[in-house]
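Biologist: I am new to reading structures. Could you take me through one, feature by feature?

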Amino acid sequence: MKIVVTGGAGFIGGNFIHYYLKAHPEDRVICIDKLTYAGNLSTLAPVMNNDKFRFVKADICDRETVFALFEEEQPDAVINFAAESHVDRSIEDPEVFLRTNILGTATLMDACRVFGNVRYHQVSTDEVYGDLPLNRPDLLFTENTPIHTSSPYSSSKAGADLLVQAYNRTYGLPVTISRCSNNYGPYHFPEKLIPLMIVNCLYDKPLPVYGEGLNVRDWLYVEDHCKAIDLIVRKGRIGEVYNVGGHNEMRNIDIVKLIIRELGKSEDLITYVTDRKGHDLRYAIDPTKIHEELGWLPETCFEEGIKKTIKWYLENRSWWEEIINGEYQHYYEKMYNNR
Ligand code: NAD
Ligand code: DAU
């Protein structure tokens, strides 16, 4: 198989490329990434010399470049990870989210239509379902939960999902969609909760917890997500949505305290700051469908995954130090100073 992976210089796309080239050494992977602030070529350094891998710096909204690449490579499948992915940034500046997440998705699917009805997989998110109440642990997101978004980010992802389903119905494009819960693991950009807390802890900097830290997220080790996507692309039913999650709900404050403990720091570092606007209370995935249809189950429990993740950040300081010493400093000041 020859696959196009977009957003492969980012967190999940990068982990997917590493996983995929090991799992399917006979396949060829072409990565398209614009290298925005979230894209890091150093994430792909270990595979750059692999002759089954090609990196192309390009914007998924750039129709001419995307079409030329499809004409040249004639891929069998496309897996779209490329997106603007951070909720807080979408609250500050929604426009780029609409452009990349919606128009980029349409451009890729148009290329799929033109160059042989190529198999298309959309990497979506549980955030398209909105949130669940904190006091109803019996409620979970299923594939039939109505779309009901809270942030410009989740609205742009929901818009893309609707477009993917429309391309299937209108043009017969062979598509699938996965909606996953929060991922964690290596190569996670330090604007997100877990890597931000690890990095700040290591510098003894304040740990900014939004509101009271009681919001709940459902955490999945990134490699388990990669395996789920691989299964869906190979064996998933065309036109279907698959929820991906590992029944691992945790309150933000408990995650922060766990990281503090693992790194031997003090809880005095915790600083409660103004809450995120429109902050979703709780996400929780029901993964029954992917388990029953495709046999997928998460393999890494949170206790093991968080230890592996912290170890990775300790052993790969140069990867994240390069990020936090750059433009990130301005971002951090803007988002957190006087918050
Ligand atoms: P990320 O922000 O770490 O990486 C995004 C990548 O996309 C970067 O490499 C960036 O350079 C690239 N990109 C952005 N705009 C582009 C454009 N216009 N053209 C080409 N490349 C572009 O994101 P992530 O956390 O790895 O998320 C990947 C996907 O998974 C996203 O679609 C996101 O919505 C979805 N998702 C993420 C999570 C999570 O917990 N991180 C959970 C569920 C779903
Ligand atoms: O659920 C899947 C989604 O998970 C993905 O679609 C998104 O791309 C991904 O960014 C993530 O969204 P969240 O908003 O849940 O992740 P984030 O790491 O930004 O925040 C996790 C929780 O931690 C959330 O309740 C906000 C809180 N938080 C976050 C940061 C960055 C803090 O309390 N302090 C912080 O500094």
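Modeller: Start with a definition: helices (H or I, at least four residues) and strands (E, at least two) are DSSP runs, numbered from the N terminus. Here, L134 is found in the loop between strand 5 and helix 6. Now the ground rules. This is a predicted model, where local features need pLDDT of at least 70 and side-chain atom pairs count only at pLDDT 80 or more, while totals for chains, interfaces and linings use all residues. Residues are numbered from 1 along each chain as its sequence is written, chains are lettered from A and ligands numbered from 1 in the order in which they are written, and side-chain values use heavy atoms, with hydrogens and water left out.

Biologist: Is L134 buried, partly exposed or exposed?

Modeller: Buried means under 20% relative accessible area, exposed over 50%, and partly exposed in between (1.4 Å probe, protein chains only). L134 counts as partly exposed because its relative accessibility is 42%.

Biologist: Which residues come nearest to ligand 1?

Modeller: A residue is near a molecule if one of its heavy atoms lies within 4 Å of it. Around ligand 1 there are 28 residues, and I12, D33, S85, Y153 and K157 come nearest. Strand 5 gives the most to this shell, with three residues.

Biologist: How do I read polar contacts with ligand 1?

Modeller: Look for a pair of N or O atoms within 3.5 Å; within protein, one must be able to donate a hydrogen and the other to accept it, and residues adjacent in sequence count only if both atoms are side-chain atoms. A polar backbone atom of G10 is 2.9 Å from an oxygen atom of ligand 1. For K34, a polar backbone atom is 3.0 Å from a nitrogen atom of the ligand. T100 uses a polar side-chain atom, 3.2 Å from a nitrogen atom of ligand 1.

Biologist: What classes of residue make up the shell around ligand 1?

Modeller: Ala, Val, Leu, Ile, Met, Phe, Trp, Tyr, Cys and Pro count as nonpolar, Asp, Glu, Lys and Arg as charged, and the others, Gly among them, as polar. The shell around ligand 1 has 13 nonpolar, 11 polar and four charged residues.

Biologist: And ligand 2: which residues are closest?

Modeller: D126, Y153, R217, R276 and H279 are the closest of the 24 residues around ligand 2. An N or O atom in the side chain of E127 is 2.8 Å from an oxygen atom of ligand 2. Strand 8 gives the most to this shell, with three residues. By class, the shell around ligand 2 has 10 nonpolar, eight polar and six charged residues.
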